[in-house]
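Dear colleague,

Please find the structure below for your use. My notes on what was found in it follow directly after.

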Amino acid sequence: TPVGETIAPVFAPSNIALCKYWGKRDVELNLPINSSLSISLAHLGTQTRLSVSDEDAVWLNGEKVAAQDKFARKVIAFIDLFRGPQGSPVKVETDNNIPTAAGLASSASGFAALMLAIDGFYGLKLDPQCLSAFARMGSGSASRSLYTGFVEWQMGVREDGMDSIALPLDSHWDALRIGLVKVSVAEKAVDSRSGMNRTVETAHLYQSWPLQAAADLERLHQAIADKNFTQLGETAEQNALSMHATMIAAWPPLLYWQPGSVAAMHRIWQARAEGVEVYFTMDAGPNLKLLFTAEAEAAVKHYFPDMEVIAPFG
Ligand code: PMV
């Protein structure tokens, strides 16, 4: 039962994994095969509010979403987990301030914000670990979107998944910058959920992924502790390319890259060869996320004049 007619909107930031979550050991609960580590996008994310209504309704960026729409059904199905079958109808208003032109997925911040809104609306007062575990069931990467800064999602060992939760790292890195390089904003043909399941089921190469991810996680912790940007960037880039290698080896093959993605990679490698320290990471889509430090920002902009720059630590 709702504690009030409505609650104040709640916000959750988007995040970008430096060590990716790729592959589930439990498809229903979204339990991962490997732990992952991300950096939050600070002020970029999702704001969500629940209120009492006479019918279930989902609004996205100020527009009502058709009830049979995939997005609306996912949102309502997630709310059903908490209000039960007899629960009264709700209105969900959700807004993404992630520039649509940046081509960033919003499921991570979306489910984290929805979880926080549900917690407030139904007065659940769940602790942060529970919030993270439940957000994870909406979308794996949402487990990491309850915190800002560096966040580690620990895979956990329990079958019920209640130890598969994200925790923030106690580290700041003010000089770190993320550049969003848009290649295409067209909706992808294969979402990350089916992409990772297909990879686990059909790619023999996937067998090496858990080892790569475990080693990269260690290297990232080390890089963050030492403020070693070279190690951070190299590890993140190799991790992303390793993940993509497993997808390419799936059947049917999964290649999220567009010609523009490959062109951008070559531009990054050229920049590095010319002494500009910039690295990239990519998720299940054609767009690139660049990693560099404030010091190199002007030089990186020279190669990517249109990129949007984010300072994750404000
Ligand atoms: O949690 P999902 O279904 O949004 O999957 C996220 C998968 C990647 O973005 C490719 C990697 C990650 O860790 O965010």
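I begin with a pair of helices. The axes of helix 1 (residues 70-83) and helix 2 cross at roughly 35° and come within 11 Å. Their crossing is right-handed. Helix 1 contributes Val75, Phe78, Ile79 and Phe82 to the contact, and helix 2 contributes Phe111, Leu114 and Ile118. By class, this contact of helix 1 with helix 2 has seven nonpolar residues, no polar ones and no charged ones. Please bear in mind that the model is predicted.

A second pair is formed by helix 5 (residues 209-226) and helix 6 (residues 229-248), whose axes come within 9 Å and cross at roughly 165°. Because angles over 145 degrees count as roughly antiparallel, helix 5 is described as roughly antiparallel to helix 6. The crossing of helix 5 and helix 6 is left-handed. On the side of helix 5, the contact is made by Trp209, Gln212, Asp216, Arg219, Leu220, Gln222, Ala223 and Ile224; on the side of helix 6, it is made by Gln231, Leu232, Thr235, Asn239, Ser242 and Thr246. The residues of this contact divide into five nonpolar, seven polar and two charged.

The ligand may be of particular interest to you. Which residues are the closest to the ligand? They are Ala17, Tyr21, Gly140, Ser141 and Asp283, out of 14 residues that surround the ligand. Helix 2 (107-121) and helix 4 (192-202) are the elements that give two or more residues to this shell. In terms of class, the shell around the ligand comprises five nonpolar, six polar and three charged residues.

The peptide bond from tryptophan 251 to proline 252 is cis, and its omega is near -10°. Proline 252 belongs to the loop between helix 6 and helix 7 (259-273). Asparagine 30 is not a glycine, yet has a positive phi of about 55°. Asparagine 30 lies in the loop between strand 2 (24-26) and strand 3 (31-32).

As for the protein overall, its secondary structure consists of eight helices and 13 strands. The radius of gyration is 19 Å, close to the 20 Å that the globule rule gives for 314 residues, so the protein is as compact as a globular protein of that length. Taken along the principal axes, the C-alpha atoms fill a box of roughly 60 × 40 × 35 Å.

With kind regards

Note on methods:
Residues numbered from 1 in each chain as written. Predicted model: local features only at pLDDT ≥ 70, side-chain atom pairs only at ≥ 80, totals over all residues. Axes fitted to C-alpha atoms, helices over the stretch in contact; angles between N-to-C directions. Helix = DSSP H or I, 4+ residues; strand = E, 2+ residues; numbered from the N terminus. Parallel < 35°, antiparallel > 145°, perpendicular 65-115°, else oblique. Left-handed = near helix turned anticlockwise from the far one by under 90°. Contact = placed C-beta atoms within 7 Å. Nonpolar A, V, L, I, M, F, W, Y, C, P; charged D, E, K, R; others polar. Near = placed C-beta within 6 Å. Rg over C-alpha atoms; globule rule 2.2 N^0.38 Å.
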